[in-house]
Amino acid sequence: MGKLPLMQISWAIALGFLILSLVGQYGGSEPIPYSRFQQLLESGQIAKAVVSGKQIRGDFKEKQANGATSFVTNAVPKDIAAELAAKGVEFSGAPASSGFATLLGWVLPPLLFVGVWIAASRLMGGGKGGGMFGAGGLLSVGQSKAKLVAETDIKVSFDDVAGVDEAKEELHEIVDFLKKPEEFNRLGAHIPRGIMLVGPPGTGKTLLARAVAGEAGVPFFSTNGAEFVEMFVGVGAARVRDLFEQARAKAPCIIFIDELDALGRARGVSPAGGQDEKEQTLNQLLAEMDGFDRSVAVVILAATNRPEILDPALLRAGRFDRQVLVDRPEKQGRVQILKVHLKKMPLAPDVDLEAIAGLTPGFTGADLANLANEAAVRATRRKADSIAMEDFAESVERIVAGLEKRSRVLIPRERRIVAYHEMGHALVAKALPLADPVQKVSIIPRGIAALGYTMQHPMEDRFLMGQEELRTRLAVLMGGRAAETLIGPDVSTGAADDLAKATDIARGMVMRFGMNDGLGPVAWDTEQGRFLGEQGAFWQPRRYSEQTAREIDDAVRTLLREALARAIALLEKNRVALDAGATRLLAEEALTGAELPDVVGEG
Ligand code: ADP
Ligand code: MG
Ligand code: ZN
């Protein structure tokens with residue numbers, strides 16, 4: 001885009017601001033003496049008054065002769081006003097710091113604006129100090145920040161990142177590729193262009209990205225999604241172009257985009273309407289990734305803790321088509337992470353890392369680093385020459401209190417419920433032959449919402465599903481609630497997500513797949529509009545009668561009730577396995593499918 005229009009726009013904004021601030025001061029209100037205000041008040045001509053400090057603003061009941069509809073006046077202390085009024089003097093108040101304050105009031109806003117502007121143009125100009133119009137100033141907005149210099153000598157290695165072995169394993173391949181790209185190219189091997197590290201904050205995503213660069217010994221271009229989101233349209237896109245250009249020149253190397261969600265939010269109708277800055281930047285990023293020559297050894301790593309809001313286009317083949325989960329560590333992982341952070345700290349003989357790991361379910365790597373530090377600080381304050389177990393115990397309590405507020409750590413009673421809930425899903429799945437095999441059950445809080453999870457691996461990629469399989473799926477989804485029902489006395493909110501999913505499936509069975517005898521085979525609902533998601537909230541008239549609506553509701557409810565009853569019956573039959581499994585899950589936090597207790601099926 002041209003640079004001149006940009007400046008003109010900026011000037012227009014500045015001018016607008018100035019005018020606004022002037023109008024704001026004298027905002028059409030008629031300044032009147034306080035004595036006049038008192039008279040008007042007396043004769044009932046004031047409709048409204050707002051008092052702030054000594055100033056009173058308000059509206060006249062009727063339009064005045066000079067056209068004013070509102071007034072502003074400054075109050076005079078009551079006793080003095082009375083004296084003056086008695087002598088019939090016209091009097092008015094003035095703000096204590098009158099002249100200066102008024103001046104400040106209308107000089108400050110535009111001044112502030114210019115200040116912000118200069119700061120912004122400095123930033124964009126890479127701090128070359130050219131000022132507003134100098135070579136490094138606003139005129140060079142198209143250029144990237146100076147920060148884009150690649151780090152070359154990164155000392156972080158995979159040894160510094162613990163408890164995320166699966167993620168490390170996946171990234172090993174990338175390290176090999178970056179070390180010897182020619183070799184991979186010679187054989188025509190396909191190396192992923194973009195890899196997305198997904199996981200909650202503090203689990204070591206940034207650390208892992210740096211470790212990849214450290215292990216491979218390649219330059220590391222580090223940016224943050226938020227840095228691309230600028231106030232001027234076009235700047236972000238230019239910055240992306242620049243970044244890739246520099247990276248190409250330095251290949252083999254890594255581009256790391258932290259907090260990609262700031263930039264890669266699903267494109268949609270922006271409140272301002274039309275194509276906005278973020279969208280342009282995102283499109284540029286996609287274009288750069290698509291346009292990359294496969295033989296150029298540049299790997300793009302990105303990190304996010306909100307994969308669900310990312311634009312699906314980012315995840316398409318050739319872009320960030322590989323996702324690596326960086327999850328909260330399980331118990332043994334926590335021991336390993338503690339070892340990393342305590343490597344250089346003197347520990348008292350009573351310190352038991354296994355025991356500390358046992359006290360800290362739900363802690364991330366960052367929480368554990370924080371714990372190590374707190375314990376060391378405590379020991380220092382005690383003037384001890386090594387860190388003792390009590391330092392850890394106390395620090396755990398403090399940190400847990402903080403985390404509980406953010407509801408990331410479960411209290412024991414909640415943990416028990418979650419353990420039974422997850423074991424319920426897992427055992428129902430294990431008992432039903434049509435269910436996908438259970439891969440893993442965990443009560444480590446994962447992601448943002450889920451307190452625990454049960455991971456099933458589909459046996460094969462599915463395009464079609466039978467009615468019986470869908471019913472099985474419903475029963476598995478109900479397994480969590482079923483287990484909670486069995487241990488009583490109450491059920492929790494933990495099943496909300498399961499219920500929502502199950503309801504979706506049941507509605508689909510009734511309304512789209514014609515799987516209800518009474519209502520089928522009619523498509524009561526078409527999938528149309530569903531793809532538009534939230535944005536496509538077009539109201540569509542219902543195309544069936546009130547009577548049918550009621551029947552649909554009944555059919556859906558029956559399906560779900562049957563599924564819940566089925567799950568409860570199965571778990572009752574396997575109560576011993578449920579108790580044993582939940583107890584083991586509480587102790588170990590995660591179990592693989594092979595470790596689940598044996599169960600009997602239906603029949
Ligand atoms: P994220 O990017 O996932 O939010 P970071 O990589 O910024 O997390 O982690 C912050 C700090 O927490 C790291 O610098 C490190 O000290 C510590 N940390 C986090 N995860 C780990 C881990 N898996 N192993 C060792 N230290 C970790
Ligand atoms: Mg990070
Ligand atoms: Zn559940």
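Start with ligand 1. Domain 1 (147–325) and domain 2 (331–401) both contribute residues to the shell around ligand 1, so ligand 1 lies between them. Keep in mind that this is a predicted model.

Next, select the shell itself. Ligand 1 has 14 residues around it, and Ala162, Gly202, Lys205, Thr206 and His341 come nearest. By class, the shell holds six nonpolar, six polar and two charged residues.

Now show the polar pairs. Which distance separates a polar side-chain atom of His341 from a nitrogen atom of ligand 1? That pair is 2.8 Å apart. Turn to the backbone. A polar backbone atom of Leu207 sits 3.0 Å from an oxygen atom of ligand 1. For Thr203, a backbone N or O atom is 3.2 Å from an oxygen atom of ligand 1.

Ligand 1 taken alone exposes 560 Å², and the protein buries 78% of that.

Then color by element. Helix H7 (205–216), helix H11 (331–342) and helix H13 (365–381) each give two or more residues to the shell around ligand 1. H7 supplies the largest share, three residues.

Last stop: Gly44, which follows H2. Check its phi, which is positive, near 70 degrees.

Terms used:
Residues numbered from 1 in each chain as written. Chains lettered and ligands numbered in written order. Predicted model: local features only at pLDDT ≥ 70, side-chain atom pairs only at ≥ 80, totals over all residues. Heavy atoms only, no water. Near = heavy atom within 4 Å. Polar contact = N/O pair within 3.5 Å; in protein donor to acceptor, adjacent residues only side chain to side chain. Areas by Shrake-Rupley, 256 points an atom, 1.4 Å probe, with all protein chains shown as cover. Helix = DSSP H or I, 4+ residues; strand = E, 2+ residues; numbered from the N terminus. Nonpolar A, V, L, I, M, F, W, Y, C, P; charged D, E, K, R; others polar. Domains from an automatic or database assignment.
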